[in-house]
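Thanks for making the time this morning. Let me put the model up on the screen, and then I will walk through its salt bridges, its interface and its cavities.

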Amino acid sequence: MTLLASGPPFDAIAFAEATIAKAGKAVGCFESLPVSTLDATLLLALVRPDRTIDSFFAQVCFWGDGLAIVRKKDRVVATMLRFAGNAPYYLSYSLETSRRQAYLEHQGGRRQILRVTLDLEGKEISREESEECFVDPIVPHHEQFSLETGDSLALVSDGITQFFTAENTPILWEKLAPKFVDFKRPTGVFVRRRMNFFERENSAVGLRHLDDLSVAAITLLR
Amino acid sequence: MPKLMDTDLDQLTTGSHYKFSATKIDALGASEYTLAHLVVDESGSVSNFKAELEKAMLTTKQACEKSPRAENLLLRATAFSSSVRELHGFKLLKTIQDDDYIGALRLGGSTALHRATHEALEATLAYAKTLADQEFLTNAITIIVTDGEEMEFDVTTDQIAELIRKARVSEKILESLTVVLVGITGNQLTTRKLQGFQKAVGITQFVDVGSVTPGKLARLAQFVSQSISSTSAALGTGQGSKPISFAF
């Protein structure tokens, strides 16, 4: 996961190609590592000041599945991207024509977008589901968010969908999303602090997590 | 000359109205901290080795700076005789000056061991609560160094025992609490009384250094810094550190 604060006009496809080419080169240095080592989601947020309305503009690119969560003063806005058959297109497929082709033939090029707005307690305010088809899988899905100072944006891997209660009941990611952006203070390693506390809270009530989980976040300071 | 108010510190008050200072939360960047507290006797009877004791405190701080966990330590130091005095509040090691220790002890008065212990534990618990409220994970070690037994009796052993018990069942505030009492007296009777105090209040470890020599105080600094590092290394495991055995 990558967060970029600002920069020149952004070319998402060039970025994706350069990123996976670089990663492929690194993996190629190790004979025992197959290219599939790089089968992973890449989420990127590009945050720029929006001078016309004295706020910020965040563009989130999804290569693979995952979640973008924005915490505003009074609500939490989240977009989950999923792929048909739970088969996301990983950028590493682009390193081998055969894998890319096999994916497109098998998966069919469909992804689902779920946009949810919650209050700060996690109560759902609105929900919108849609599906989009893609021809060139290296073109990411884009989401846009308007941010103000004090707002936080987190990018979260699909591991958020793999939390279970002590009784083995799945916990909806929508219930958990507000906790991923509930930062007490933006100083230092604030994401690690939040997630460590979240883990301790979960452990105390027997809540389990059965997948790897990645979180990156940015808070716009006042 | 009094020190200027440190703007990186907050002035806090405990439940028993002890005042102490501690690094402002906004200045803390890590996710977890060990609260280490040195409580040192400055009663008149330590006059023969005042300079060595101050040097041992400084050496302790310097040794802690070499620990891989140095960025996760917050160190406080107090001195006590008939009353308790803060030498410096809970501070990041890099912000502690040499003269916080060298020349810092003011000799005289009797030995308010109970109050010094009580004050240290309350300050530790109060700051740990402040940190826990901001989602920091903490554990703590308090090390009390004395050459004498209690002389003031304004705080009971029951009050101290209750505080230690409370700290040990407050995992949400403090993952673990280690309390070490170090006797730097060659007097057998005083040593026995200090051992009695340890047992009465539930202090984790009693270390008998015996009669003071410069060499023993140098080893004491080594023992204290190792105990602090060990406590910090245990943070996140859900357990306290194992007491370190040390030959003096």
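I would like to begin with Arg115(A) and Glu143(A), whose side chains meet in a salt bridge at 2.6 Å, N to O, where a salt bridge is a side-chain nitrogen of Lys or Arg within 4 Å of a carboxyl oxygen of Asp or Glu. That pair links distant parts of the chain, since Arg115(A) sits in strand β6 (residues 110–119) of chain A and Glu143(A) in strand β8 (residues 141–147) of chain A, 28 residues apart; strands here are DSSP runs of E with at least two residues, helices are runs of H or I with at least four, and both are numbered from the N terminus. Over all chains, the search finds 26 salt bridges.

Before going further, a word on conventions. This is a predicted model, in which local features need pLDDT of at least 70 and side-chain atom pairs count only at pLDDT 80 or more, while totals for chains, interfaces and linings use all residues. Side-chain values use heavy atoms, with hydrogens and water left out, residues are numbered from 1 along each chain as its sequence is written, and chains are lettered from A and ligands numbered from 1 in the order in which they are written.

Turning to the interface, 12 residues of chain B are in contact with 11 residues of chain A, contact meaning heavy atoms within 4.5 Å. The two chains bury about 1,100 Å² between them, 48% of it on carbon and sulfur atoms, buried area being the accessible area (1.4 Å probe) that two parts lose on being put together, summed over both. On the chain B side, Ser31(B), Gln134(B) and Glu135(B) lose the most area to chain A, together 52% of what that side buries. Between the chains the count is 2 salt bridges, one of them joining Asp26(B) to Arg185(A), with the closest N and O atoms 2.6 Å apart.

Finally, the cavities, which are sets of points on a 1 Å grid over the protein atoms alone where a 1.4 Å probe fits but cannot get out, with lining residues having an atom within 4 Å of a point. Grid points are joined across faces, edges and corners, and a volume is the space filled by probe spheres set on the points. α1(B) gives the most to its lining, with 4 residues.

Which residues line the second largest cavity? They are Phe183(A), Lys184(A), Arg185(A), Phe190(A), Arg193(A), Arg194(A), Gln134(B), Glu135(B) and Phe136(B), around a space of about 60 Å³.

Technical notes
On a 1 Å grid over the protein atoms alone, a cavity is a set of points where a 1.4 Å probe fits but cannot get out, and a pocket is an open set with protein on both sides within 12 Å along at least five of seven lines; lining residues have an atom within 4 Å of a point.
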